[in-house]
Amino acid sequence: MTIGTYILVSVIKIVIAMLVLLTGVAYTTLAERKVVAHIQNRWGPSRVGPFGIWQPLADGLKFIFKEDVTPPFVYRPLYLLAPVLSLTMALTAIAVIPVGPWVSIGSVHTPLQIADVNIGLLVILGLTSIGVYGVALAGWSSNSKYSMLGSLRASAQMVSYEIALGLSLVGVLIYSGSFSLRDIVMAQSGTFLGFIPKWNIFTGQFIAFFIYIMAAYAETNRIPFDLPEAETELVAGYHTEYSSMKFAMFFMAEYANMFTVACLASVLFLGGWLGPVFGPPLLQAVLPVVWFVLKVLAFIFIYIWVRGTLPRFRYDQLMAFGWKFLFPLAIANIMITALVVALK
Amino acid sequence: MHLALFLIFGAVCVGAAINLLVQKHPINSALSLIVVMGSLAVLYLLLGAEFVAAVQVIVYAGAVMVLFVFTIMLLNAGEEEVLPHSSRVAMVVGVPGLIVGLAVGIWVVARYAGLDRIAIGGPQVLNGTEGFGNPSPVAHLLFRDYLLPFEVTSILVLVAILGAVVLARREE
(Lines give C-alpha, C1' and ligand atoms only; values in the text may rest on other atoms or scores of the structure.)
Protein backbone atom coordinates (compact mmCIF):
# COMPACT_ATOMS: atom_id res chain seq x y z
CA MET A 1 0.00 0.00 0.00
CA THR A 2 1.46 3.34 -1.00
CA ILE A 3 1.64 6.23 1.44
CA GLY A 4 -1.05 8.13 -0.53
CA THR A 5 -3.56 5.27 -0.28
CA TYR A 6 -2.68 4.81 3.38
CA ILE A 7 -3.45 8.46 4.19
CA LEU A 8 -6.64 8.36 2.12
CA VAL A 9 -7.85 5.16 3.83
CA SER A 10 -6.98 6.59 7.26
CA VAL A 11 -8.85 9.83 6.61
CA ILE A 12 -11.91 7.90 5.39
CA LYS A 13 -11.80 5.72 8.51
CA ILE A 14 -11.47 8.76 10.79
CA VAL A 15 -14.41 10.53 9.12
CA ILE A 16 -16.62 7.43 9.35
CA ALA A 17 -15.62 6.81 12.99
CA MET A 18 -16.35 10.43 13.96
CA LEU A 19 -19.71 10.45 12.16
CA VAL A 20 -20.77 7.17 13.76
CA LEU A 21 -19.51 8.18 17.21
CA LEU A 22 -21.17 11.63 17.20
CA THR A 23 -24.43 10.21 15.86
CA GLY A 24 -24.21 7.54 18.53
CA VAL A 25 -23.63 10.20 21.17
CA ALA A 26 -26.62 12.23 19.94
CA TYR A 27 -28.94 9.23 19.87
CA THR A 28 -27.73 7.92 23.23
CA THR A 29 -29.09 11.11 24.80
CA LEU A 30 -32.47 10.36 23.18
CA ALA A 31 -32.33 6.68 24.12
CA GLU A 32 -31.49 7.66 27.68
CA ARG A 33 -34.48 10.00 27.95
CA LYS A 34 -36.77 7.43 26.36
CA VAL A 35 -35.64 4.45 28.43
CA VAL A 36 -35.58 6.35 31.73
CA ALA A 37 -39.01 7.75 30.87
CA HIS A 38 -40.42 4.26 30.31
CA ILE A 39 -38.81 3.01 33.53
CA GLN A 40 -40.62 5.85 35.30
CA ASN A 41 -43.89 5.19 33.44
CA ARG A 42 -43.71 8.36 31.30
CA TRP A 43 -43.52 8.87 27.53
CA GLY A 44 -40.30 10.84 27.16
CA PRO A 45 -39.63 13.02 24.09
CA SER A 46 -42.39 12.40 21.55
CA ARG A 47 -43.06 15.73 19.80
CA VAL A 48 -40.24 16.08 17.25
CA GLY A 49 -40.85 13.48 14.56
CA PRO A 50 -42.29 9.98 15.08
CA PHE A 51 -41.32 8.69 18.58
CA GLY A 52 -39.23 11.87 18.93
CA ILE A 53 -36.44 10.61 16.68
CA TRP A 54 -35.46 14.15 15.55
CA GLN A 55 -35.09 15.29 19.16
CA PRO A 56 -31.22 15.16 19.10
CA LEU A 57 -31.28 17.40 16.01
CA ALA A 58 -33.54 19.88 17.77
CA ASP A 59 -31.29 19.77 20.85
CA GLY A 60 -28.23 20.43 18.69
CA LEU A 61 -29.86 23.43 17.00
CA LYS A 62 -30.96 24.74 20.38
CA PHE A 63 -27.40 24.52 21.73
CA ILE A 64 -26.03 26.41 18.72
CA PHE A 65 -28.59 29.24 18.98
CA LYS A 66 -28.36 29.69 22.75
CA GLU A 67 -26.56 32.76 24.01
CA ASP A 68 -22.94 31.94 24.86
CA VAL A 69 -22.41 33.58 28.25
CA THR A 70 -18.88 33.89 29.61
CA PRO A 71 -19.13 35.14 33.19
CA PRO A 72 -16.84 38.16 33.81
CA PHE A 73 -15.05 36.60 36.80
CA VAL A 74 -13.63 33.52 35.06
CA TYR A 75 -9.98 32.89 34.21
CA ARG A 76 -10.45 33.01 30.46
CA PRO A 77 -7.56 30.94 28.97
CA LEU A 78 -8.28 27.89 31.10
CA TYR A 79 -12.06 28.45 30.98
CA LEU A 80 -11.86 28.12 27.17
CA LEU A 81 -9.28 25.30 27.23
CA ALA A 82 -11.22 23.00 29.57
CA PRO A 83 -14.13 21.94 27.29
CA VAL A 84 -11.79 21.59 24.30
CA LEU A 85 -9.50 19.33 26.32
CA SER A 86 -12.39 17.19 27.57
CA LEU A 87 -13.93 16.65 24.15
CA THR A 88 -10.62 16.12 22.32
CA MET A 89 -9.46 13.42 24.70
CA ALA A 90 -12.87 11.73 24.68
CA LEU A 91 -13.01 11.60 20.87
CA THR A 92 -9.36 10.62 20.34
CA ALA A 93 -9.69 7.47 22.43
CA ILE A 94 -11.88 5.85 19.77
CA ALA A 95 -8.88 5.77 17.38
CA VAL A 96 -7.35 2.61 18.86
CA ILE A 97 -10.59 0.61 19.26
CA PRO A 98 -10.77 -2.32 16.82
CA VAL A 99 -14.35 -2.73 15.55
CA GLY A 100 -13.65 -5.71 13.28
CA PRO A 101 -11.03 -7.94 11.65
CA TRP A 102 -8.97 -7.04 8.58
CA VAL A 103 -11.02 -6.42 5.44
CA SER A 104 -10.11 -6.23 1.75
CA ILE A 105 -11.85 -3.69 -0.48
CA GLY A 106 -10.43 -4.04 -4.00
CA SER A 107 -6.65 -4.05 -3.59
CA VAL A 108 -6.71 -2.29 -0.23
CA HIS A 109 -6.21 -4.56 2.79
CA THR A 110 -6.85 -2.71 6.06
CA PRO A 111 -7.92 -3.33 9.67
CA LEU A 112 -11.27 -1.95 10.86
CA GLN A 113 -9.48 0.32 13.30
CA ILE A 114 -7.98 3.79 12.82
CA ALA A 115 -4.62 3.04 14.44
CA ASP A 116 -3.45 -0.49 15.26
CA VAL A 117 -0.83 0.33 17.91
CA ASN A 118 0.87 -2.25 20.09
CA ILE A 119 0.09 -0.29 23.29
CA GLY A 120 -3.56 0.43 22.45
CA LEU A 121 -4.85 -0.15 25.97
CA LEU A 122 -2.24 2.19 27.49
CA VAL A 123 -3.11 4.87 24.93
CA ILE A 124 -6.73 4.81 26.13
CA LEU A 125 -5.68 4.93 29.79
CA GLY A 126 -3.34 7.85 29.04
CA LEU A 127 -6.01 9.79 27.14
CA THR A 128 -8.58 9.33 29.89
CA SER A 129 -6.07 10.42 32.54
CA ILE A 130 -5.37 13.61 30.56
CA GLY A 131 -9.13 14.09 30.17
CA VAL A 132 -9.35 14.57 33.95
CA TYR A 133 -7.73 17.99 33.47
CA GLY A 134 -10.71 19.15 31.42
CA VAL A 135 -12.95 18.59 34.43
CA ALA A 136 -10.44 19.90 36.99
CA LEU A 137 -9.64 23.09 35.06
CA ALA A 138 -13.29 23.77 34.24
CA GLY A 139 -14.10 23.90 37.94
CA TRP A 140 -11.08 25.94 38.94
CA SER A 141 -11.21 28.50 36.13
CA SER A 142 -14.96 29.12 36.56
CA ASN A 143 -14.22 30.79 39.90
CA SER A 144 -17.50 29.62 41.40
CA LYS A 145 -18.02 27.54 44.52
CA TYR A 146 -20.34 25.01 42.89
CA SER A 147 -17.97 24.44 39.97
CA MET A 148 -15.02 24.21 42.32
CA LEU A 149 -16.64 21.63 44.62
CA GLY A 150 -17.86 19.66 41.62
CA SER A 151 -14.45 19.51 40.02
CA LEU A 152 -12.72 18.66 43.31
CA ARG A 153 -15.11 15.76 43.72
CA ALA A 154 -14.71 14.72 40.10
CA SER A 155 -10.92 14.72 40.08
CA ALA A 156 -10.66 12.90 43.42
CA GLN A 157 -13.18 10.33 42.25
CA MET A 158 -11.57 9.81 38.84
CA VAL A 159 -8.07 9.43 40.31
CA SER A 160 -9.30 6.96 42.95
CA TYR A 161 -11.31 4.80 40.59
CA GLU A 162 -8.66 4.85 37.87
CA ILE A 163 -6.60 2.60 40.14
CA ALA A 164 -9.34 -0.01 40.46
CA LEU A 165 -10.06 0.32 36.74
CA GLY A 166 -6.43 -0.17 35.77
CA LEU A 167 -5.97 -3.13 38.12
CA SER A 168 -9.12 -4.84 36.86
CA LEU A 169 -7.55 -4.87 33.37
CA VAL A 170 -4.35 -6.56 34.54
CA GLY A 171 -6.02 -9.99 34.74
CA VAL A 172 -7.04 -9.72 31.08
CA LEU A 173 -3.52 -8.63 30.16
CA ILE A 174 -2.04 -11.65 31.97
CA TYR A 175 -4.30 -13.95 29.94
CA SER A 176 -3.60 -12.39 26.56
CA GLY A 177 0.01 -11.29 27.11
CA SER A 178 -0.32 -8.14 25.00
CA PHE A 179 -1.34 -4.48 25.24
CA SER A 180 -2.63 -4.55 21.68
CA LEU A 181 -6.44 -4.52 21.66
CA ARG A 182 -6.44 -6.61 18.46
CA ASP A 183 -4.31 -9.31 20.10
CA ILE A 184 -6.54 -9.25 23.19
CA VAL A 185 -9.59 -9.94 21.01
CA MET A 186 -7.81 -12.68 19.07
CA ALA A 187 -6.78 -14.35 22.34
CA GLN A 188 -10.48 -14.80 23.12
CA SER A 189 -11.36 -16.80 19.98
CA GLY A 190 -12.53 -20.39 20.23
CA THR A 191 -15.18 -22.09 22.37
CA PHE A 192 -15.58 -24.45 25.32
CA LEU A 193 -17.64 -27.60 24.62
CA GLY A 194 -18.48 -26.18 21.22
CA PHE A 195 -20.92 -23.47 22.29
CA ILE A 196 -19.61 -21.36 25.21
CA PRO A 197 -17.34 -18.68 23.69
CA LYS A 198 -13.88 -18.26 25.26
CA TRP A 199 -14.49 -14.62 26.08
CA ASN A 200 -12.60 -13.30 29.06
CA ILE A 201 -15.80 -12.89 31.06
CA PHE A 202 -16.29 -16.69 30.83
CA THR A 203 -12.64 -17.64 31.41
CA GLY A 204 -12.29 -16.45 34.99
CA GLN A 205 -12.33 -12.68 34.54
CA PHE A 206 -15.92 -12.45 35.75
CA ILE A 207 -14.98 -10.52 38.90
CA ALA A 208 -12.65 -8.26 36.92
CA PHE A 209 -15.56 -7.45 34.61
CA PHE A 210 -17.70 -6.26 37.50
CA ILE A 211 -14.86 -4.25 39.02
CA TYR A 212 -14.38 -2.71 35.56
CA ILE A 213 -18.07 -1.82 35.20
CA MET A 214 -18.26 -0.15 38.62
CA ALA A 215 -15.00 1.74 38.18
CA ALA A 216 -16.08 2.78 34.70
CA TYR A 217 -19.34 4.24 36.02
CA ALA A 218 -17.31 6.30 38.47
CA GLU A 219 -14.80 7.31 35.78
CA THR A 220 -17.55 8.65 33.54
CA ASN A 221 -19.34 10.37 36.45
CA ARG A 222 -22.55 8.46 35.90
CA ILE A 223 -25.26 7.47 38.39
CA PRO A 224 -24.82 5.97 40.99
CA PHE A 225 -21.47 7.82 41.14
CA ASP A 226 -22.53 11.16 39.68
CA LEU A 227 -21.60 13.22 42.74
CA PRO A 228 -19.53 15.71 40.70
CA GLU A 229 -22.74 16.99 39.14
CA ALA A 230 -25.17 16.22 41.94
CA GLU A 231 -27.82 18.75 40.96
CA THR A 232 -29.48 18.83 44.37
CA GLU A 233 -26.28 20.07 46.03
CA LEU A 234 -24.07 21.61 43.32
CA VAL A 235 -26.44 23.05 40.66
CA ALA A 236 -24.57 21.22 37.87
CA GLY A 237 -21.09 20.64 39.26
CA TYR A 238 -18.01 21.54 37.26
CA HIS A 239 -19.89 22.88 34.22
CA THR A 240 -22.25 25.18 36.16
CA GLU A 241 -20.82 28.33 34.55
CA TYR A 242 -20.79 26.99 31.00
CA SER A 243 -23.50 27.65 28.45
CA SER A 244 -24.36 27.02 24.81
CA MET A 245 -21.82 25.00 22.78
CA LYS A 246 -19.22 24.97 25.55
CA PHE A 247 -21.67 23.12 27.78
CA ALA A 248 -22.57 20.90 24.82
CA MET A 249 -18.89 19.98 24.47
CA PHE A 250 -18.78 18.70 28.06
CA PHE A 251 -22.02 16.87 27.43
CA MET A 252 -20.67 15.25 24.25
CA ALA A 253 -17.41 14.37 26.03
CA GLU A 254 -19.35 12.58 28.78
CA TYR A 255 -21.30 10.48 26.29
CA ALA A 256 -18.26 9.85 24.07
CA ASN A 257 -16.49 8.57 27.20
CA MET A 258 -19.42 6.24 27.80
CA PHE A 259 -18.87 4.85 24.31
CA THR A 260 -15.14 4.42 24.89
CA VAL A 261 -15.81 2.55 28.11
CA ALA A 262 -18.43 0.38 26.39
CA CYS A 263 -16.10 -0.38 23.45
CA LEU A 264 -13.29 -1.24 25.83
CA ALA A 265 -15.58 -3.53 27.85
CA SER A 266 -16.66 -5.43 24.75
CA VAL A 267 -13.06 -5.68 23.47
CA LEU A 268 -11.56 -6.78 26.79
CA PHE A 269 -14.26 -8.97 28.28
CA LEU A 270 -16.90 -9.79 25.68
CA GLY A 271 -14.71 -10.90 22.80
CA GLY A 272 -14.91 -7.72 20.68
CA TRP A 273 -16.16 -8.52 17.18
CA LEU A 274 -16.09 -12.30 17.73
CA GLY A 275 -19.37 -14.12 17.19
CA PRO A 276 -21.00 -16.63 14.84
CA VAL A 277 -20.20 -15.75 11.21
CA PHE A 278 -22.21 -17.36 8.41
CA GLY A 279 -23.94 -16.69 5.10
CA PRO A 280 -22.74 -15.12 1.84
CA PRO A 281 -19.36 -13.28 1.71
CA LEU A 282 -20.86 -9.80 2.14
CA LEU A 283 -22.77 -10.89 5.25
CA GLN A 284 -19.60 -12.56 6.57
CA ALA A 285 -17.76 -9.26 6.24
CA VAL A 286 -20.47 -7.26 8.00
CA LEU A 287 -21.40 -9.66 10.82
CA PRO A 288 -18.31 -9.07 13.05
CA VAL A 289 -19.02 -5.34 13.10
CA VAL A 290 -22.68 -6.06 13.88
CA TRP A 291 -21.67 -8.23 16.88
CA PHE A 292 -19.34 -5.51 18.11
CA VAL A 293 -21.99 -2.80 17.81
CA LEU A 294 -24.59 -5.00 19.55
CA LYS A 295 -22.24 -5.61 22.49
CA VAL A 296 -21.50 -1.89 22.80
CA LEU A 297 -25.19 -0.98 22.63
CA ALA A 298 -26.04 -3.59 25.26
CA PHE A 299 -23.44 -2.02 27.54
CA ILE A 300 -24.84 1.47 26.90
CA PHE A 301 -28.32 0.14 27.69
CA ILE A 302 -27.09 -1.21 31.04
CA TYR A 303 -25.69 2.27 31.75
CA ILE A 304 -29.13 3.80 31.21
CA TRP A 305 -30.90 1.01 33.06
CA VAL A 306 -28.69 1.58 36.11
CA ARG A 307 -29.42 5.30 35.92
CA GLY A 308 -33.13 4.62 35.96
CA THR A 309 -32.82 2.23 38.91
CA LEU A 310 -30.22 3.26 41.48
CA PRO A 311 -30.03 6.31 43.76
CA ARG A 312 -26.84 8.33 44.23
CA PHE A 313 -24.09 7.28 46.67
CA ARG A 314 -22.91 9.48 49.52
CA TYR A 315 -19.38 10.81 49.01
CA ASP A 316 -17.76 8.91 51.90
CA GLN A 317 -19.50 5.72 50.74
CA LEU A 318 -18.09 6.29 47.27
CA MET A 319 -14.52 6.66 48.52
CA ALA A 320 -14.79 3.74 50.98
CA PHE A 321 -16.25 1.53 48.25
CA GLY A 322 -13.46 2.38 45.83
CA TRP A 323 -10.53 2.07 48.20
CA LYS A 324 -11.66 -0.56 50.69
CA PHE A 325 -13.65 -2.89 48.46
CA LEU A 326 -12.84 -2.59 44.74
CA PHE A 327 -9.09 -2.03 45.22
CA PRO A 328 -8.39 -5.13 47.39
CA LEU A 329 -10.73 -7.20 45.23
CA ALA A 330 -8.83 -6.17 42.09
CA ILE A 331 -5.50 -7.05 43.74
CA ALA A 332 -6.87 -10.47 44.79
CA ASN A 333 -8.11 -11.04 41.24
CA ILE A 334 -4.65 -10.29 39.83
CA MET A 335 -2.97 -12.70 42.26
CA ILE A 336 -5.39 -15.53 41.56
CA THR A 337 -5.19 -15.01 37.79
CA ALA A 338 -1.39 -14.93 37.90
CA LEU A 339 -1.37 -18.12 39.97
CA VAL A 340 -3.70 -19.90 37.55
CA VAL A 341 -1.67 -18.82 34.51
CA ALA A 342 1.60 -19.77 36.22
CA LEU A 343 0.35 -23.26 37.15
CA LYS A 344 -1.13 -23.92 33.70
CA MET B 1 10.28 13.74 9.73
CA HIS B 2 11.98 12.46 12.89
CA LEU B 3 14.26 15.48 13.01
CA ALA B 4 11.37 17.91 12.48
CA LEU B 5 9.30 16.31 15.23
CA PHE B 6 12.31 16.19 17.54
CA LEU B 7 13.02 19.87 17.03
CA ILE B 8 9.38 20.88 17.48
CA PHE B 9 8.80 18.88 20.64
CA GLY B 10 12.24 19.65 22.02
CA ALA B 11 11.46 23.34 21.61
CA VAL B 12 8.00 22.89 23.16
CA CYS B 13 9.58 21.04 26.08
CA VAL B 14 12.21 23.72 26.75
CA GLY B 15 9.70 26.53 26.20
CA ALA B 16 7.23 25.01 28.65
CA ALA B 17 10.03 24.44 31.19
CA ILE B 18 11.00 28.13 30.99
CA ASN B 19 7.34 29.11 31.19
CA LEU B 20 7.07 26.97 34.33
CA LEU B 21 9.73 29.12 36.01
CA VAL B 22 8.45 32.46 34.70
CA GLN B 23 4.75 32.06 35.52
CA LYS B 24 3.59 33.72 38.73
CA HIS B 25 0.51 31.60 39.38
CA PRO B 26 1.07 28.02 40.61
CA ILE B 27 -1.65 26.54 38.42
CA ASN B 28 -0.02 27.95 35.27
CA SER B 29 3.31 26.51 36.39
CA ALA B 30 1.70 23.11 37.02
CA LEU B 31 0.11 23.16 33.57
CA SER B 32 3.47 24.03 32.00
CA LEU B 33 4.95 21.03 33.79
CA ILE B 34 2.24 18.85 32.24
CA VAL B 35 3.26 20.14 28.80
CA VAL B 36 6.90 19.31 29.64
CA MET B 37 5.90 15.76 30.61
CA GLY B 38 3.78 15.37 27.48
CA SER B 39 6.51 16.53 25.10
CA LEU B 40 9.02 14.28 26.89
CA ALA B 41 6.64 11.40 26.15
CA VAL B 42 6.72 12.34 22.47
CA LEU B 43 10.53 12.33 22.56
CA TYR B 44 10.44 8.80 24.04
CA LEU B 45 8.05 7.84 21.27
CA LEU B 46 10.51 9.15 18.67
CA LEU B 47 13.18 6.92 20.24
CA GLY B 48 10.94 3.92 19.64
CA ALA B 49 10.04 3.45 23.31
CA GLU B 50 6.25 3.33 23.03
CA PHE B 51 5.70 1.68 26.38
CA VAL B 52 7.86 4.18 28.27
CA ALA B 53 6.08 7.03 26.47
CA ALA B 54 2.64 5.71 27.45
CA VAL B 55 3.73 5.18 31.05
CA GLN B 56 5.21 8.69 31.11
CA VAL B 57 1.82 10.13 30.12
CA ILE B 58 -0.21 7.91 32.46
CA VAL B 59 2.01 8.22 35.54
CA TYR B 60 3.53 11.70 35.29
CA ALA B 61 1.21 13.78 33.09
CA GLY B 62 -1.83 11.87 34.34
CA ALA B 63 -1.54 10.74 37.95
CA VAL B 64 1.24 12.82 39.56
CA MET B 65 0.29 16.14 37.97
CA VAL B 66 -3.41 15.63 38.70
CA LEU B 67 -2.45 15.46 42.38
CA PHE B 68 -0.39 18.67 41.99
CA VAL B 69 -3.29 20.50 40.33
CA PHE B 70 -5.69 19.03 42.86
CA THR B 71 -3.59 20.32 45.78
CA ILE B 72 -3.27 23.78 44.23
CA MET B 73 -7.03 23.90 43.71
CA LEU B 74 -7.78 22.60 47.20
CA LEU B 75 -5.48 25.09 48.94
CA ASN B 76 -6.60 27.80 46.52
CA ALA B 77 -2.98 28.97 46.27
CA GLY B 78 -2.67 32.57 45.13
CA GLU B 79 -0.06 34.42 43.10
CA GLU B 80 3.52 34.20 44.22
CA GLU B 81 4.84 37.35 45.88
CA VAL B 82 8.05 38.67 44.37
CA LEU B 83 10.57 40.42 46.61
CA PRO B 84 12.19 43.19 44.55
CA HIS B 85 15.74 42.94 45.97
CA SER B 86 16.22 39.21 45.79
CA SER B 87 15.04 39.10 42.19
CA ARG B 88 17.61 41.74 41.11
CA VAL B 89 20.41 39.74 42.73
CA ALA B 90 19.14 36.67 40.93
CA MET B 91 19.20 38.48 37.60
CA VAL B 92 22.74 39.82 38.06
CA VAL B 93 24.37 36.72 39.52
CA GLY B 94 22.06 33.83 38.74
CA VAL B 95 21.58 34.08 34.99
CA PRO B 96 25.29 34.33 34.03
CA GLY B 97 26.04 31.65 36.63
CA LEU B 98 23.43 29.37 35.13
CA ILE B 99 24.81 29.85 31.60
CA VAL B 100 28.38 29.14 32.75
CA GLY B 101 27.21 26.07 34.69
CA LEU B 102 25.32 24.70 31.69
CA ALA B 103 28.29 25.30 29.39
CA VAL B 104 30.63 23.48 31.80
CA GLY B 105 28.15 20.61 32.09
CA ILE B 106 27.82 20.20 28.33
CA TRP B 107 31.61 20.40 27.93
CA VAL B 108 32.16 17.68 30.56
CA VAL B 109 29.57 15.38 28.96
CA ALA B 110 30.97 15.98 25.48
CA ARG B 111 34.58 15.53 26.66
CA TYR B 112 34.19 12.33 28.68
CA ALA B 113 31.15 10.59 27.23
CA GLY B 114 32.44 11.12 23.71
CA LEU B 115 30.74 13.29 21.13
CA ASP B 116 29.68 10.26 19.10
CA ARG B 117 27.22 9.27 21.82
CA ILE B 118 25.39 12.58 21.71
CA ALA B 119 22.84 12.33 18.94
CA ILE B 120 23.10 15.61 17.06
CA GLY B 121 20.48 15.92 14.38
CA GLY B 122 17.64 14.13 16.05
CA PRO B 123 17.36 11.03 18.22
CA GLN B 124 19.03 7.92 16.92
CA VAL B 125 18.65 4.42 18.25
CA LEU B 126 22.04 2.89 18.97
CA ASN B 127 22.74 -0.49 17.44
CA GLY B 128 21.47 -3.46 19.40
CA THR B 129 19.00 -1.47 21.45
CA GLU B 130 15.95 -1.62 19.15
CA GLY B 131 12.73 -2.18 21.02
CA PHE B 132 14.33 -1.42 24.38
CA GLY B 133 11.31 0.62 25.43
CA ASN B 134 8.70 -2.05 24.78
CA PRO B 135 6.90 -3.90 27.58
CA SER B 136 8.84 -7.18 27.53
CA PRO B 137 12.42 -5.72 27.56
CA VAL B 138 11.39 -3.34 30.35
CA ALA B 139 9.83 -6.23 32.27
CA HIS B 140 12.97 -8.34 31.76
CA LEU B 141 15.13 -5.58 33.21
CA LEU B 142 12.79 -4.85 36.13
CA PHE B 143 11.75 -8.35 37.15
CA ARG B 144 14.81 -10.39 36.19
CA ASP B 145 18.08 -8.45 35.91
CA TYR B 146 17.38 -5.81 38.54
CA LEU B 147 14.74 -7.56 40.66
CA LEU B 148 16.41 -6.92 44.02
CA PRO B 149 17.11 -3.18 43.50
CA PHE B 150 13.57 -2.79 42.16
CA GLU B 151 11.99 -4.45 45.20
CA VAL B 152 14.24 -2.55 47.61
CA THR B 153 13.22 0.72 45.93
CA SER B 154 9.55 -0.19 46.26
CA ILE B 155 10.02 -0.84 49.99
CA LEU B 156 11.81 2.53 50.26
CA VAL B 157 8.86 4.26 48.61
CA LEU B 158 6.47 2.41 50.92
CA VAL B 159 8.43 3.60 53.96
CA ALA B 160 8.29 7.16 52.61
CA ILE B 161 4.50 6.92 52.21
CA LEU B 162 4.10 5.56 55.76
CA GLY B 163 6.35 8.37 57.03
CA ALA B 164 4.22 10.97 55.28
CA VAL B 165 1.06 9.49 56.80
CA VAL B 166 2.59 9.48 60.31
CA LEU B 167 3.82 13.08 59.93
CA ALA B 168 0.52 14.31 58.54
CA ARG B 169 -1.60 12.63 61.23
CA ARG B 170 -2.85 15.03 63.83
CA GLU B 171 -2.06 14.24 67.47
CA GLU B 172 -5.12 13.15 69.43
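Modeller: Among the contacts in chain B between residues at least 6 apart in sequence, 63% join residues at least 24 apart, where two residues are in contact if their C-beta atoms, placed from the backbone, lie within 7 Å. This is a predicted model, in which local features need pLDDT of at least 70 and side-chain atom pairs count only at pLDDT 80 or more, while totals for chains, interfaces and linings use all residues. Residues are numbered from 1 along each chain as its sequence is written, with chains lettered from A and ligands numbered from 1 in the order in which they are written.

Chain B holds six helices and zero strands (DSSP runs numbered from the N terminus, H or I of at least four residues for helices and E of at least two for strands). Of its 172 residues, 16% are buried, that is, with 20 or more other C-beta atoms within 10 Å of their own, against 12 or fewer for exposed and in between for partly exposed. Where the chains meet, 15 residues of chain B are in contact with 16 residues of chain A, and helix α3 (residues 50-75) of chain B gives the most to that side of chain B, with 13 residues. The side of chain B that touches chain A divides into 13 nonpolar, one polar and one charged residue (nonpolar being Ala, Val, Leu, Ile, Met, Phe, Trp, Tyr, Cys and Pro, charged being Asp, Glu, Lys and Arg, and polar the others, Gly among them).

The part to look at closely is helix α5 (residues 145-176) of chain A, which packs against helix α7 (residues 206-219) of chain A at an angle of about 155°, with their axes 8 Å apart. The axes are lines fitted to C-alpha atoms over the stretch in contact, and angles run from 0 to 180 degrees between N-to-C directions. That angle makes α5(A) roughly antiparallel to α7(A), because angles over 145 degrees count as roughly antiparallel, under 35 as roughly parallel, 65 to 115 as roughly perpendicular and the rest as oblique. The crossing of α5(A) and α7(A) is left-handed, the near helix being turned anticlockwise from the far one by less than a right angle, whereas clockwise would be right-handed. On the α5(A) side the meeting residues include Gln157(A), Tyr161(A), Leu165(A) and Val172(A), and on the α7(A) side they include Ala208(A), Ile211(A), Ala215(A) and Ala218(A). By class, this contact has 11 nonpolar, three polar and two charged residues.

Ala218(A) counts as buried because 26 C-beta neighbours lie inside 10 Å. Leaving out residues up to four places away in sequence, Ala218(A) touches Gln157(A), Tyr161(A), Phe225(A) and Gly322(A). Its C-alpha atom is separated by 14 Å from that of Ala262(A), 44 residues apart along the chain.

Helix α5(A) has a further partner in helix α11 (residues 315-343) of chain A, where the axes come within 8 Å and cross at roughly 15°. That makes α5(A) roughly parallel to α11(A), and α5(A) passes α11(A) in a left-handed crossing. The residues of this contact divide into 18 nonpolar, seven polar and one charged.
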